[in-house]
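Subject: Structure handover

Hello,

Please load it before reading on; my notes follow below it.

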Amino acid sequence: MSDNIEQDQEVDLEEQQVLDAIAVELPGFSRDVHQLLPVLQKIQHTHGYLPRDSMVMVAAHFAVAAAKVFGIATFYNQFRFNPPGRHPIKVCLGTACHVKGGEIILENFTRRLGIEEGETTQDREYSLERVACVGCCALAPVVVVGEKIESYVTPSKVEGVITEIEIQNEIAEREKAKDEQQSDSE
């Protein structure tokens, strides 16, 4: 329970840091309403997504209704409204991957992570996306985890992919704790 509260506070802190950075960046942009889309693209590029409150901030910057900014942002599918996970998972559903069970792979990730495609886990560890084609049709079905391509993925391999990430995270935490103990003892 206390771990969840700490995670929520950490997540809120992360989003607040993004909003603070956007507040610093916005005055550097023109207030010409024709620059609204490039500003949204810049925020997306810099922070990986458009936090809900950032659209209110952009609306105030351009002196337009927040609904107009939200309408523009939702019109283009290039924008994300959820923060990307530290481990973004992209399930390929191009023709070859679709034929070889890509939809089943996506469904297994959805069940395992408890999120739908386009969403991020509450701890921001994982985000799940459907992509049209990653260009590795000979390795179908393919999943991209971060920058790593997982080939010939089967439904049973989904658990292994998540477990591998969890083990890497635990190793990193242990090494970090070990380094902190060594620096405290010096």
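Which exposed residues does the face of helix 3 turned away from its buried side carry? They are Arg52 and Ala60. Exposed here means over 50% relative accessible area, buried under 20%, and partly exposed in between, with a 1.4 Å probe and protein chains only.

First, the ground rules. The model is predicted: local features need pLDDT of at least 70, side-chain atom pairs count only at pLDDT 80 or more, and totals for chains, interfaces and linings use all residues. Residues are numbered from 1 along each chain as its sequence is written, and side-chain values use heavy atoms, with hydrogens and water left out. Helices (H or I, at least four residues) and strands (E, at least two) are DSSP runs, numbered from the N terminus.

Helix 3

Helix 3 covers residues 52-62. Its buried residues are Ser54, Met55, Val58, Ala59, His61 and Phe62. The arc is taken over the directions from the helix axis to the C-beta atoms. Just after helix 3 comes Ala63, with a positive phi of about 55°.

Helix 2

Helix 2 has 12 residues, 36-47, and should span 16 Å at 1.5 Å a residue; its end C-alpha atoms are 17 Å apart, which agrees. The expected span is 1.5 Å times one less than the number of residues. Buried in helix 2 are Leu36, Val39, Leu40, Ile43, Gln44 and His47. These residues cover an arc of only 140° around the axis, which puts them on the same side of helix 2. Just after the helix, Gly48 takes a positive phi of about 85°.

Ile43 sits in helix 2. It counts as buried, at 0% relative accessibility. Leaving out residues up to four places away in sequence, Ile43 touches Ile22, Gly48, Tyr49, Leu50 and Val58. Contact means heavy atoms within 4.5 Å.

Arg80

Arg80 is in the loop between helix 4 (66-75) and strand 1 (87-92). Is Arg80 buried or exposed? It counts as buried, at 15% relative accessibility. Its side chain makes a polar contact with the side chain of Thr120 at 3.3 Å. The Arg80 side chain also makes one with the side chain of Glu129, at 3.1 Å. A polar contact is a pair of N or O atoms within 3.5 Å; within protein, one must be able to donate a hydrogen and the other to accept it, and residues adjacent in sequence count only if both atoms are side-chain atoms. Not counting residues up to four places away in sequence, Arg80 touches Gln44, Gly48, Tyr49, Leu50, Thr120, Ser127 and Glu129.

Two strands pair if DSSP finds at least two bridges between them. Strands 1 and 2 pair in the parallel sense over six bridges. Val91 stands opposite Arg130 in strand 2.

Backbone points to check

- Pro141 is in the loop between strand 2 and strand 3. The peptide bond from Ala140 to Pro141 is cis, with omega near -5°.
- Arg124 is in the loop between helix 6 and strand 2. It is not a glycine, yet has a positive phi of about 60°. Arg124 is buried, with a relative accessible area of 6%.
- Tyr152 is in the loop between strand 4 and helix 7. Its phi is near 50°, a positive value in a residue other than glycine. Tyr152 is partly exposed, with a relative accessible area of 48%.

Best regards
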